Amino acid sequence: MKGSLKNEQSSTLIPMAILTCMFFIFGFVTWLNGPLIPFFKLACELTESQAYFVTFAFYIAYFVMAIPSSWLIEKVGYKNGLSLGLIVISLGAFLFYPAAGTRTFGLFLGALFIMGTGLAILQTAANPYVVVIGPRESAAARISILGLANKFAGFIAPIALTALVLSNMADYTAEKIAILDSAAKSAALDSLALQLQTPYIYMGLIILILAVLVKFSPLPEINLDEDNDISHLSIFQQIKNVAQRPQLVLGVITLMLYMAAEVIAGDSIGSFGKKLGVYGENGDFYLKLTSFTMTAMVIGYILGITLIPKYISQVLALKISGLLGMILILFIVFISPNIIVSLPGIPPLPVVLLLVALLGLANALCWPAIWPMSLQDLGGYTKIGGAMLIMAIVGGAVFPLIYGALADAINMTSQAHTTFEKTRSGNQIAYLVLLPAYCMILFYAIKGHKYRSWSKN
């Protein structure tokens, strides 16, 4: 018995180590978007809502490519799928070179879409994998370990990008750019954009090397259809059949809304901090604020690893997440941005920014809990169910655009003579779009995940 347990732990260790590296890459590539939003807004002369096409181009790839990724993995296998996903990410990183050279926002968006496509392949392969390589009741804890690597990378990414690329952002403030004539302004912005070339070339090369290492790694192949082979069914028939599983359909909706919350909390905080004048000594501190949200998520994942399933269930963790998110959103929207707190080693910060960062704590355990709850009892449909959950990442594409458009609309009408509008920018009020998301998360934790048939609900 002891030997069997030891072999089971050993067989899980290698895949978990490889998947942890994969999720670190997920996090590093994904959470570069936060500081890129204000960067592109300046370098490509964009409005608030236009800048959020950064997240749209990146996350819409998950929706478009999730089902093709599932088909691809069926053909080449999970291990080759991971390697191929890394290759696609590296191609997107290389595309940043001509995009920066021409300062063309459309090319940047194309590069981000390609990188998102690579991540869609990786996520489609990796997430079902981690659910089935060990006991299902501890799946949330395993995903929390991977999430910890993901969000630790998310903590590092904005700091690394700011230090290596954006450290001189104080020389390119909107105020300084505005006083330049047309030729000087164009030259300054060209110089700013070119700073992205070298780091993304290096990143592409590193990821390409990792793709080769994964290809020749001892990662075992898995078969999710062995208990209920549905390979004879077309992809459309599989989708039709799996749509009869309420726990999955509601899980997809919940995950989509959760992704809206995660992306907005991580990627909007920098622009919000800039709006509130949080520049710091070097004029670039607002670019690092995404790391605050990632720190809160890391804390949440550590709690998940520690508490699930020994002390609390993944269902209870999701309930707490939804309730905490609802409370934080109400405080974020209604608290005055003039309330300042001083913390050691950082510039004075409005409390509302810290509350936005704390959304990371509310978000941390949503992904680890929703995945195993949604895939439970799917049998041979686990693979297509995983692909549909990957499609739900589209929430990270659509809702930031809604947030940005709402923020722009409110900011443009900020001349109205009301105290509420004078003290709160559109960036702050727009966080209300996340309130329904946390309501859905709470509903799914309480009741939605229990449904097994539409006719009985």
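1. Let me start with the rings: 18 aromatic pairs turn up in this structure. A pair here means rings of Phe, Tyr or Trp (its six-membered ring) with centres within 6.5 Å; planes under 30 degrees apart count as stacked, over 60 as edge-to-face and the rest as tilted. Please keep in mind that this is a predicted model, in which local features need pLDDT of at least 70 and side-chain atom pairs count only at pLDDT 80 or more, while totals for chains, interfaces and linings use all residues. Residues are numbered from 1 along each chain as its sequence is written, and side-chain values use heavy atoms, with hydrogens and water left out.

2. One of the pairs joins F23 and F26, which are tilted, with 4.6 Å from centre to centre and 55° between the planes. F23 and F26 sit three residues apart in helix 1, so about one helical turn separates them. Helices are DSSP runs (H or I, at least four residues), numbered from the N terminus. F23 counts as buried because its relative accessibility is 4%, and F26 counts as buried at 1%. Buried means under 20% relative accessible area, with a 1.4 Å probe and protein chains only.

3. Another pair worth a look is W367 with W371: the ring centres are 5.6 Å apart and the planes meet at 40°, so this pair is tilted. W367 and W371 lie four residues apart in helix 17 (residues 366-375), and so about one helical turn separates them. Both W367 and W371 are buried.

4. Now to the empty space. Rolling a probe the size of a water molecule over the atoms shows where such space is left. On a 1 Å grid over the protein atoms alone, a cavity is a set of points where a 1.4 Å probe fits but cannot get out, whereas a pocket is an open set with protein on both sides within 12 Å along at least five of seven lines; lining residues have an atom within 4 Å of a point. Grid points are joined across faces, edges and corners, and a volume is the space filled by probe spheres set on the points. The whole structure holds two cavities of 30 Å³ or more.

5. The largest cavity contains about 190 Å³ of space. Its lining has 17 residues, with Q123, N150, K151, E262 and W367 nearest the centre. Two or more lining residues come from each of helix 1 (2-30), helix 4 (53-76), helix 7 (139-164) and helix 12 (246-267). Helix 7 gives the most, with four. By class, the lining has eleven nonpolar, four polar and two charged residues. Nonpolar covers Ala, Val, Leu, Ile, Met, Phe, Trp, Tyr, Cys and Pro, charged covers Asp, Glu, Lys and Arg, and the others, Gly among them, are polar.

6. The second largest cavity has a volume of about 40 Å³. V29, L32, N33, L36, F58, L112, M115 and Y200 line it, and helix 2 (33-43) and helix 6 (105-132) each supply at least two of the lining residues. Seven are nonpolar, one is polar and none is charged.

7. Finally, the second largest pocket has a volume of about 350 Å³. It is lined by 18 residues, and F28, P199, Y202, M203 and I206 are the closest to its centre. Helix 10 gives the most to this lining, with eight residues. By class, 17 are nonpolar, one is polar and none is charged.

How values were computed: Buried < 20%, exposed > 50% of the residue type's maximum accessible area, 1.4 Å probe, protein only.
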